[in-house]
Amino acid sequence: RCKNLSVSFWNSYWMLPSDVCGMNCFWEAAFRYGYMKTHPSEKMHLAVVACGERLEETVTMLRSAIIFSIKPLHFHIFAEDQLHESFKDILDEFPYEGKVNYTLYPITFPSESAAEWKKLFKPCASQRLFLPLILKNVDSLLYVDTDILFLRPVDDIWSFLEKFNSTQIAAMAPEHEEPRIGWYNRFARHPYYGATGINSGVMLMNMTRIRRKYFKNDMTPVRLQWGEILMPLLKKYKLNITWGDQDLLNIMFFHNPESLYVFPCQWNYRPDHCIYGSNCREAEEEGIFILHGNRGVYHDDKQPTFRAVYEAIKNYSFGDDLVHSLLQPLEQELQKTMHTYCGRVYRVFTKQLTKSIRDLYARRSKGR
């Protein structure tokens, strides 16, 4: 039996040999501290890291994932200890209808370097780098930031896994479409992927491949595995990186470009795609698939189009008519934002959402 297991288990398990604390101990700790629920065998895995004042934002993101998705979802929620009970209370009230389960985890880093990782960029942000090493039994995973909103089923971005070629291990969108406003190509003091870098707010991973891969790097002629390369990268570049873990991912995929699948900007649509004029052609044609309200735009008045979508999903009650309770009120609010650059293209914010609602009702009609 495992005795006196506590959160310290999670902080030290990196260093424990399997004969000290094997899988039985691992799952006992997971049940005790993760509020693990029974889950179906076939599902999509979605991970998020929540710290500080991110509870409401994270819950709103999870709500958006639930509304349209078809296959079962399993949420892996990494959160500070003081947020666990609040997450549990809220999520247990969701009308899952058997298709959503979750596990709560504490924030944890390798014990010998935890302090360095915690202070990198924003609190807890670098937790995402260690997901392949923590979730050892998860084959594939969609990681998203807390400020993500799904405007179409998670199933659709999950299907990109089937499009990976034999060398690709992860998928992300470019940081910018327009180099003239790009950050990496103008300011970066480290290598970065492609012409304008990549944004890690939406990251689809084949974690089995990540764990198996040996990565080329500029530190040693010897290729290193995921768990071996992270700390050397941080030590080499920590004085040159601005965006923390995202910069480390850019460096890694600069040296291993064959390992990345790049999906279009409509799967990670941010204020930069419209505040200087519309520069995401795919969104103009088909609408926004995943909205990313970075820089806190859901909570201030700088980008009212983004805030309107966030408020509409946050206030929607499961079971209400999506057209009258979500879409129509949102369209009315978006029309009030036409004095802004993003507001001038407000229809890209509802184009896919309208289709997602129509498709959802069509599926329900066929299921009767």
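This is a predicted model: local features need pLDDT of at least 70, side-chain atom pairs count only at pLDDT 80 or more; totals for chains, interfaces and linings use all residues.
Let's start with a term: two rings of Phe, Tyr or Trp count as a pair if their centres lie within 6.5 Å. Keep that in mind, and look at F160, F164, Y261, F263, W267 and F289, which form one aromatic cluster.

The chain has 368 residues, and 57% of them are buried. Its secondary structure comes to 16 helices and nine strands. If you take the contacts with a separation of 6 or more, 72% are between residues 24 or more positions apart.

Let's stay with the rings for a moment. How many aromatic pairs does the structure hold? There are 17 aromatic pairs. A pair of aromatic rings is described by the distance of the centres and the angle of the planes. Take F109 and F130: their ring centres are 5.8 Å apart and their planes are at 80°, so this pair is edge-to-face. The two residues come from distant parts of the chain, 21 residues apart. F109 is in the loop between β3 and α5, while F130 is in the loop between α5 and α6. Are F109 and F130 buried or exposed? Both F109 and F130 are buried.

Now find W183 and Y184. Here the ring centres are 5.4 Å apart and the planes are at 85°, so we call this pair edge-to-face as well. W183 and Y184 are both buried. And there is another charge over a ring to look for: K213 lies over the face of F215, at 5.6 Å from the ring centre.

Next, please turn to strand β2, residues 73–79. Seven of its seven residues are buried. On one side you have L73, F75, I77 and A79, on the other H74, H76 and F78, and both faces are covered. Which strands does β2 pair with? One is β1, residues 44–50, which pairs with β2 in the parallel sense over seven bridges. Within that pairing, A47 has H76 as its bridge partner. To get from β1 to β2, the chain crosses through helix α3, residues 55–68, and this β-α-β crossover is right-handed. Strand β3, residues 100–105, also runs parallel to β2, and six bridges join them. There, H74 is partnered with N101.

While we are at helix α3, have a look at S64, which is found in that helix. Why do we call S64 buried? Its relative accessible area is 1%, and the cut-off for buried is under 20%, so S64 qualifies. Leaving aside neighbours within four places in sequence, S64 is in contact with I148, L149, F150 and I313.

Last stop: the nonpolar cores. The largest has 45 residues, and W117, M205 and F253 touch the most other members. Helix α10, residues 226–237, gives this core its largest share, seven residues. If you click on M205, you can look for the residues it touches beyond four places in sequence, among them L131, L141, Y143, L161, I169 and I210. M205 also touches D139 and S140. Then there is a second, separate core of 41 residues, including M44, M61, L142 and I290.

Methods:
Residues are numbered from 1 along each chain as its sequence is written. Side-chain values use heavy atoms; hydrogens and water are left out. Buried means under 20% relative accessible area, exposed over 50%, partly exposed in between (1.4 Å probe, protein chains only). Helices (H or I, at least four residues) and strands (E, at least two) are DSSP runs, numbered from the N terminus. Two strands pair if DSSP finds at least two bridges between them. A crossover is right-handed if, with the strands pointing away from the viewer, the path from the first strand over the helix to the second runs clockwise. Rings of Phe, Tyr and Trp (its six-membered ring) pair if their centres lie within 6.5 Å; planes under 30 degrees apart count as stacked, over 60 as edge-to-face and the rest as tilted. A charge sits over a ring if NZ of Lys or CZ of Arg is within 6 Å of the ring centre and within 35 degrees of the ring normal. A nonpolar core is a set of buried Ala, Val, Leu, Ile, Met, Phe, Trp, Tyr and Cys residues joined through side-chain atoms within 4.5 Å. Contact means heavy atoms within 4.5 Å.
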